[in-house]
Amino acid sequence: MVQWILSGFLMLLCTAYSFSQKPVVAFGKIIRHEKFKSTFVKARNIDVWLPPHYDTTKRYPVLYMQDGQMLFDSTNSWNHKEWKIDETLTELIDRLEIKACIVVGIWNDSKLRRTEYCPEKAIRYLPKALSTYFIKNRLENKLLGDDYLSFLVKELKPFIDKTYATLTKPENTFIAGSSMGALISLYAVCEYPDIFSSAICMSTHWPVGLENKNENIAPYILMYLKNKIPDSKTHRFYFDYGTLGSDLNYRVYQLQADQYFKENNYTEINYKSLIFKGDDHSENSWSNRFSIPIRFILKK
């Protein structure tokens, strides 16, 4: 809990640290769309990674990723860590293990990250008193999850599809994130199953608030999930968590989520839920195991 709160504080403190610089990647190419304007959320940078040998005469699946400033270049991130997306994807593409893809790195708004990444409709499951308190004290007195998804679906995706050589249908449109980014990625597929076919949810931060055990809203998020799981015939989900730091809190909720998916006819073919002993709640852990979920959704 302390680790998660501290990392959030440091993120806020260091938001401006070299974030104006475009990431430097070892493989592929980054194109930045600076301060991408939206009618739903505050403007933010969008970093688009094109794979090596990107060819406009071909078409590519697209992976939308949360916390875009943490994906490619540790010298530009607030904690000097990164997901090493370009290195991992290029290696797997070269080994013919996955399809070449485009990655859209969506920067978070550090001051509103939890608010934008919180599954908004799940809040409706909370008792009135808890809902009122939680929105006021943990979500900046506003709900922005649905606006954030509207930004992705109604503004960002159409722009990406118009600008780049993409495969536009759901079976080639994926979304991913970690911690709260995992929650909003899960929420995106549940709310827009006709847009996104797969979600990668790493170290899913089910409780949302950990400042006080009485503020744990994971049971209500799971209530929402139980009623909104998309069709197993057309969707895939990947979940995981570690055994150190904040990830220690996730096991009981992840097991419940696993049960709900199982009840909705998900099998090992379209569903994975893994535990990684010794991994913690950090970019280092997520980057070390990112090859596993990306093989799952982009395997040739």
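Helices (H or I, at least four residues) and strands (E, at least two) are DSSP runs, numbered from the N terminus. The model is a predicted one, in which local features need pLDDT of at least 70, side-chain atom pairs count only at pLDDT 80 or more, and totals for chains, interfaces and linings use all residues. Residues are numbered from 1 along each chain as its sequence is written, and side-chain values use heavy atoms, with hydrogens and water left out.

Q: What makes up the secondary structure of the protein chain?
A: The protein chain has 10 helices and 8 strands.

Q: Why is the protein chain called as compact as a globular protein of its length?
A: The radius of gyration is taken over C-alpha atoms, and the globule rule is 2.2 Å times the number of residues to the power 0.38. For 300 residues the rule gives 19 Å, and the protein chain comes to 18 Å, which is close, so the chain is as compact as a globular protein of that length. Along the principal axes, its C-alpha atoms fill a box of roughly 55 × 45 × 40 Å.

Q: What share of the contacts with a separation of 6 or more joins residues 24 or more positions apart?
A: A contact means heavy atoms within 4.5 Å. Residues 24 or more positions apart account for 76% of those contacts in the protein chain.

Q: How confident is the predictor in the protein chain?
A: pLDDT is the predictor's confidence in each residue, from 0 to 100. The mean for the protein chain is 92, and 92% of its residues reach 70 or more. Over residues 12-18, pLDDT stays under 50, and the model has 10 contacts beyond four places in sequence for them.

Q: Why is helix α10 called largely enclosed?
A: Buried means under 20% relative accessible area, exposed over 50%, and partly exposed in between (1.4 Å probe, protein chains only). In helix α10 (residues 291-298), 6 of the 8 residues are buried, so the helix is largely enclosed by the rest of the structure. The buried residues of α10 are S291, P293, I294, F296, I297 and L298. Across the 300 residues of the protein chain, 58% count as buried.

Q: How do you know whether D67 is buried or exposed?
A: The relative accessible area of D67 is 7%, and the limit for buried is under 20%, so D67 is buried. D67 is found in the loop between β3 (62-65) and α2 (85-94). Its phi is near 50°, a positive value in a residue other than glycine.

Q: What makes S179 count as buried?
A: S179 has 4% relative accessibility and therefore counts as buried. S179 lies in the loop between β5 (173-178) and α6 (180-191). Although S179 is not a glycine, it has a positive phi of about 60°.

Q: Where is L144, and is it buried or exposed?
A: L144 is in the loop between α4 (128-138) and α5. At 14% relative accessibility, L144 counts as buried. Not counting residues up to four places away in sequence, L144 touches L112, T115, E116 and E120. The C-alpha atoms of L144 and Y271, 127 residues apart along the chain, are separated by 28 Å.
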